[in-house]
Amino acid sequence: PKTDIVFLKVHKSASSTVMNVLFRFGETHNLTFAFPIGGGNQLFYPRHFLARFVQGFSPRSHQRFNILCHHMRFLQPEVQKVVSSSAVYFSILRNPVQLMESSFMYYKGTSAFSRARSLEEFFSQPYHYYNPADSDSHYARNLMTFDFGFNPDGAVSAKRVQLMLKAIEASFDLLLISEYFDESMVLLKEMLCWDLDSVISFPLNIRDSSTKSPLSDTIVEKIKDWNRLDWEIYTHFNRTFWERIDQDIGRERMQQEVKALRKRQAELARTCLQGIGSVAPKDIKDSSLQPLQHGKAKILGYNLKQGLDKETERMCRRLVTPELQYSSALYKKQFAQKRP
């Protein structure tokens with residue numbers, strides 16, 4: 001199994017669920033994480049990543065960390081200073097239309113979105129609300145482009161798009177697609193030589209559907225236009241994703257793998273969860289499993305079954321622990337011995 005991993009956690013793209021997979025694997029195998037200095041869940045985002053943002057990094061020491069997965073704005077020469085040269089790089093993408101709708105609800109407090117009552121209103125005159133000079137403007141336009149380290153307000157020329165796609169391809173071994181999450185997990189499992197249970201997950205940091213609104217065709221087209229760079233990235237890597245499946249696994253075996261994954265996930269849900277799945281924030285009984293509520297989004301969570309044996313309870317709890325709580329527990333564990 002591969003244990004040196006860089007995951008570029010792209011915002012609002014099922015990346016918290018992927019992070020849970022990495023946290024569990026890292027904890028099980030006693031791997032080290034490249035944590036932000038002082039803990040927390042962002043490596044001084046939205047600044048470009050620098051090696052010195054990582055707790056315990058020193059240019060003089062040769063210490064490398066196994067897993068780098070917290071939010072960052074990608075800058076490969078700096079990333080290479082903190083992980084081994086054989087590290088596997090991957091990320092996950094999401095359809096920019098859904099990504100924009102999700103960001104609008106989740107980052108409602110940002111400069112570009114706070115005064116617009118709806119996406120319709122925002123797109124009626126985007127430059128009335130959006131100012132590229134605002135420090136949080138990246139949440140409102142080409143967010144994936146930004147996370148990969150590029151300029152989200154750059155001109156959309158064929159040449160520029162090609163250079164961007166080439167640069168991403170040169171840096172990353174695999175790009176997953178959140179709309180095909182199960183297929184993505186199978187590809188990831190194959191690439192990392194992990195077993196099935198290592199990539200099983202329950203969806204984390206997901207919104208209650210009551211806060212989702214259907215989008216008109218007009219708005220969909222406006223979103224694609226506004227996020228043209230993201231759209232180019234997404235459509236290109238959505239295509240290469242399926243090419244990769246055809247080449248490495250084949251559709252038929254992929255179907256079987258996905259079936260096995262879903263079956264195992266359903267088994268674990270029956271073992272671990274009360275009821276049939278995620279519940280509204282107000283219905284989460286264990287406050288330590290309460291996900292962060294952000295913007296106008298209602299983020300769902302889980303209740304564990306009572307009376308599980310110790311080992312099962314531990315396994316189940318890991319599967320449903322929200323990102324912030326899990327991250328801070330791992331941080332404390334990794335740096336516990338450093339405290340006087």
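**Helix packing, burial and backbone geometry in a predicted model**

The buried residues of helix 10 (residues 217-226) are Ile219, Val220, Ile223, Lys224 and Trp226, where buried means under 20% relative accessible area, exposed over 50% and partly exposed in between, with a 1.4 Å probe and protein chains only. They cover an arc of only 165° around the axis, which puts them on the same side of helix 10; the arc is that of the directions from the helix axis to the C-beta atoms. The model is predicted, so local features need pLDDT of at least 70 and side-chain atom pairs count only at pLDDT 80 or more, while totals for chains, interfaces and linings use all residues. Residues are numbered from 1 along each chain as its sequence is written, and side-chain values use heavy atoms, with hydrogens and water left out. Helices (H or I, at least four residues) and strands (E, at least two) are DSSP runs, numbered from the N terminus.

- The face of helix 10 turned away from its buried side carries the exposed residues Asp217, Thr218 and Asp225.
- An α-helix has 3.6 residues a turn, so residues three or four places apart point the same way.
- The buried residues of helix 10 pack against helix 3 (96-106), helix 4 (119-124), helix 5 (126-129) and helix 11 (228-248), contact meaning heavy atoms within 4.5 Å.

**Helix 11 with helix 12**

- Helix 11 and helix 12 pack with their axes 7 Å apart, at an angle of about 100°; axes are lines fitted to C-alpha atoms, for helices over the stretch in contact, and angles run from 0 to 180 degrees between N-to-C directions.
- Helix 11 and helix 12 are therefore roughly perpendicular to each other, on a scale where angles under 35 degrees count as roughly parallel, over 145 as roughly antiparallel, 65 to 115 as roughly perpendicular and the rest as oblique.
- From helix 11, Trp242, Ile245, Asp246 and Asp248 meet Arg251, Arg253 and Met254 of helix 12.
- The residues of this contact between helix 11 and helix 12 comprise three nonpolar, no polar and four charged; Ala, Val, Leu, Ile, Met, Phe, Trp, Tyr, Cys and Pro count as nonpolar, Asp, Glu, Lys and Arg as charged, and the others, Gly among them, as polar.

**Helix 12 with helix 13**

- The axes of helix 12 (residues 251-272) and helix 13 (residues 310-320) come within 10 Å and cross at roughly 115°.
- That makes helix 12 roughly perpendicular to helix 13.
- Helix 12 passes helix 13 in a left-handed crossing; a crossing is left-handed if the near helix is turned anticlockwise from the far one by less than a right angle, and right-handed if clockwise.
- Leu268, Thr271 and Cys272 of helix 12 meet Thr312, Met315, Cys316 and Leu319 of helix 13.
- The contact of helix 12 with helix 13 has five nonpolar, two polar and no charged residues.

**Helix 1 with helix 14**

- Helix 1 (residues 15-28) and helix 14 (residues 323-335) have axes 10 Å apart and pack at an angle of about 25°.
- That makes helix 1 roughly parallel to helix 14.
- Helix 1 and helix 14 form a left-handed crossing.
- Ser16, Met19, Asn20, Phe23, Arg24 and Glu27 in helix 1 meet Glu323, Tyr326, Ser327, Leu330 and Lys333 in helix 14.
- By class, the contact of helix 1 with helix 14 has four nonpolar, three polar and four charged residues.

**Two individual residues**

- Asp230 is found in helix 11 and is buried, with a relative accessible area of 1%.
- Not counting residues up to four places away in sequence, Asp230 touches Pro96, Leu99, Asn142, Leu143, Met144 and Thr145.
- Ala155 is found in the loop between helix 6 (143-147) and helix 7 (158-171), and at 53% relative accessibility it counts as exposed.
- Leaving aside its neighbours within four places in sequence, Ala155 is in contact with Arg160 and Leu229.

**Backbone geometry**

- Most residues other than glycine have a negative phi, and most peptide bonds are trans.
- The peptide bond from Tyr45 to Pro46 is cis, with omega near 5°, and Pro46 lies in the loop between helix 1 and strand 2 (67-68).
- Lys12, in the loop between strand 1 (5-8) and helix 1, has a positive phi of about 55° although it is not a glycine.
- Lys12 is buried, with a relative accessible area of 13%.
- Ala14, in the loop between strand 1 and helix 1, has a positive phi of about 65° although it is not a glycine.
- At 30% relative accessibility, Ala14 counts as partly exposed.
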